[in-house]
Amino acid sequence: MPEQHEGTEQHATPERPGGSRPGRRRLLRAGLGAGGALATVRLLPGGTAWADAAPGTDHGTAQYDGLWPSSHNVAPRTATTTTAAQTWPDWARYARIADGTFNEPADMQSYIDALKAQEVSVIELDTLLSDWLTDAQFAAHMAEVKQFTGLAHATGLKVVMYYPSLELISPGGEKGRSFYKNDQGKNWVQRDLTGKPNVFYGSVVVWVDPGDESVWLSPNSPWRDYYLNRIKGVAATGVDGIWPDVPIYFDGVLSWCDASTWGAAAFKADTGLDLPKAANFADPVFRRYVEWRHRNLLRFQLDIAEAGRSVNPDLVTFVETVSMDYRYATSIGLDGGYLRQAPGAVSQVWEVDILGNYDGMRHATASDWVCLVSMYKYARAASGTKPAWAFSYGWQADDASLVMSQLIAAGCNPYEVKTPFKNDTADAAMRTRMYRFVRINQAKLYDPVSIAQVGVYHSAPSRDYVAPGEGNGMYVNATAPAGIADWWGGDDPQMSCASLSWLGEFRGAVKALVYAHVPFDTVPSPGLTAEDLARFKVLLLPNLQAVSDTEAALLRGFVSAGGTIVITGPAPTALDELGGQRSEFALSDVLGLRKADPLPATKQNSYGSGSCWYVKALPGLSYLTKTDQASADQLLTAVRQSAPPAVTLAGDRRIFLDARRLGTDTVVHLVNFTNFGDTPAAFHSSPANCTLSYALPAGASVTAVTVASPDGTDPAPKAAPYTVTGATVSVPLTVAQYSVVTITVG
């Protein structure tokens, strides 16, 4: 259901450049993707004309300069990059974001004032840049953007300009003039593996009105220079940042784009291979194509950021990224983890979707809620040390505030919107209350570092190549509850993460840790370094099958130096980073297992100063669907032995706990989702009683305990009662939706 901007303003046209069109966000995915085009899609004929356009000489190879080397041997997903020192302004690190636009210049100040009153600090300005504009129309509109930005700055707000990166809409283009029919669209369009052009007309997705044309362009075509030049024009207006929208190979009507001549030339230059003839995961060339698309889009993102900084060195870039920890990244190409180690002030706005377009998370199960936890934790990890902005979708005030609570607890910056639209709040009073909490507590929310000693490994190649299926796995329950329309899974059981062996195992490992109140961090595999692993005592490697040699060496070094790994699944490290079969397990020595021998149900093996716990079954997937203690124990026994957490909680297992450190403060986040059960039910919210305990460091004593919450009228921290027994501090609490506990020691 990702990607959909929608609004109530009149649709802008080239004849009305000062107007404002509805934004575009959130694809309604029922019936889309993975080869499924809707019956209402009206595609233009293709298959011959696309071969006539010769690729330019500077679009095939330049995008890999300075990144991973072009080679007939694929660049490892774990290739180490050197991250330049990040200088992120405080306004970006502490951002509280909301959509803004204007119908006419006279409306600008009223929009700005309204957002300021709601405690918004950053405006995502979304106007008419989705549309096909002439150079003159673009220049005229940039003058208006400059005016808006000046007014926002005078009010103390920052402005980040939304600009779709690979889609262009021609209003009225089905019957009238359009970028595809009358400009360069036909030459620059993305193509699928059969040569069909990625262009369609209205009614397929909600952001393309009936009669309008949507064309998705190849990032390797001259569109790249066209777009980058306009990015420079946006940067010249004085905006503080650029918000490129979803640089993806759009799969709403066609799958596995871009096989245009531009894409084919770039693939050939990078790999020495011709494009695959069809989507076939048994074909090593197709698997190479799957991974290449990730890197190809990464370079495009970096070029966008560089173009903006060439005009304004202080400009930041936040790429709207719709692919989370689930399988959508495989089909659309955009893998957020690839940007983690990229140098410069470029990060993500994560579009974390919800269950129902017109219901939000109101009919979630507890396991669905764990999936939301998993997505926000992945978002925070995949942005690395950079700010991680993220969508906070809600339908009503109470579910909207709970979703935002989880977002903030994971360390992300909130962009609050009412589902399924993006230009309004679920509730203005709720937004104001929550954003005021963020402002007052911002240093405590965004400056600390994690104290988690447990990592959950998110393997991008295993996601791509282990038992690929039709579903994307966004949540568990793919079947809409009675009376609820526009459900994320379209009533297709294949969409559930429980139907995907790698993702289900990953999500189940997350659920086991959440239910055990064990602080953890996600560890994305792209760009993995030894430093990424050094702070952990235990790594969970759910159904880890596909790894590069470099990645395996880093994991081996982690265990040798004293770390503990828990690896599950029937083929541990049996595949290379492109999904090809290895002759031997990449971690055979660490596992103490040979591929040719029968696999035991379980095995513990010492290696160097560390240990490996192996489970042949998929206990995470079992725990995701059954919540059985035996499966949890298979995942967590090693955690309890090797990394008992300093912070523990006595209370309902459906209270999410995260813990960080800021100086001498231990900051603990508690989010109450006890209102969710094993089956969908009407939303309600009830306070939960619990007791937080903290094991004091040797020689330390407590000097203060405070609790802050956005649930009441005053979000400032308040002194909280506590007791000390031996070296343990205990804090009794009642958590409405969200509490932040700070334990200060001296």
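## Briefing on a predicted 746-residue protein model

Just after helix H7, Gly272 takes a positive phi of about 80°. The structure is a predicted model, in which local features need pLDDT of at least 70, side-chain atom pairs count only at pLDDT 80 or more, and totals for chains, interfaces and linings use all residues. Residues are numbered from 1 along each chain as its sequence is written, and side-chain values use heavy atoms, with hydrogens and water left out. The protein has 20 helices and 27 strands, which are DSSP runs numbered from the N terminus (helices H or I, at least four residues; strands E, at least two).

**Overall burial and contacts**

- Of the 746 residues, 64% count as buried, where buried means under 20% relative accessible area, exposed over 50%, and partly exposed in between, with a 1.4 Å probe and protein chains only.
- Among contacts (heavy atoms within 4.5 Å) between residues at least 6 apart in sequence, 77% join residues at least 24 apart.

**Nonpolar cores**

- The largest nonpolar core has 181 residues, and those with the most contacts inside it are Trp369, Trp389 and Tyr475; such a core is a set of buried Ala, Val, Leu, Ile, Met, Phe, Trp, Tyr and Cys residues joined through side-chain atoms within 4.5 Å.
- Helix H10 (residues 366–382) supplies the largest share of this core, namely 11 residues.
- Another core, of 27 residues, lies apart from it and has Ile567, Ala574, Ala586 and Leu593 among its members.
- In soluble globular proteins, nonpolar side chains tend to be buried together.

**Helix H10 against helix H15**

- H10 and helix H15 (residues 501–515) pack at an angle of about 100°, with their axes 9 Å apart; the axes are lines fitted to C-alpha atoms, for helices over the stretch in contact, and the angles run from 0 to 180 degrees between N-to-C directions.
- That angle makes H10 roughly perpendicular to H15, since angles of 65 to 115 degrees count as roughly perpendicular, those under 35 as roughly parallel, those over 145 as roughly antiparallel and the rest as oblique.
- On the H10 side the contact includes Ala366, Val370 and Cys371, and on the H15 side it includes Phe506, Arg507 and Tyr515.
- The residues of this contact divide into nine nonpolar, two polar and two charged, with Ala, Val, Leu, Ile, Met, Phe, Trp, Tyr, Cys and Pro counted as nonpolar, Asp, Glu, Lys and Arg as charged, and the others, Gly among them, as polar.

**Cysteines**

- A search of the whole structure finds zero disulfides, a disulfide being a pair of cysteine sulfur atoms within 2.5 Å.
- The sulfur of Cys497 has its closest cysteine sulfur in Cys371, at 3.9 Å, which is too far for a bond.
- Cys497 counts as buried at 0% relative accessibility, and Cys690 counts as buried at 6%.

**Helix H7**

- The buried residues of H7 (residues 261–271) include Trp262, Phe267 and Asp270, and the buried residues of this helix pack against helix H5 (185–188) and helix H8 (284–311).

**Two buried positions**

- Ser165, in the loop between strand S3 (158–164) and strand S4 (167–170), is buried with a relative accessible area of 0%, and, not counting residues up to four places away in sequence, Ser165 touches residues including Trp223, Pro244 and Phe300.
- Pro619 lies in helix H19 (residues 619–626) and is buried, with a relative accessible area of 1%.
- Pro619 and Phe506 are 113 residues apart in sequence and 9.9 Å apart in space, C-alpha to C-alpha.
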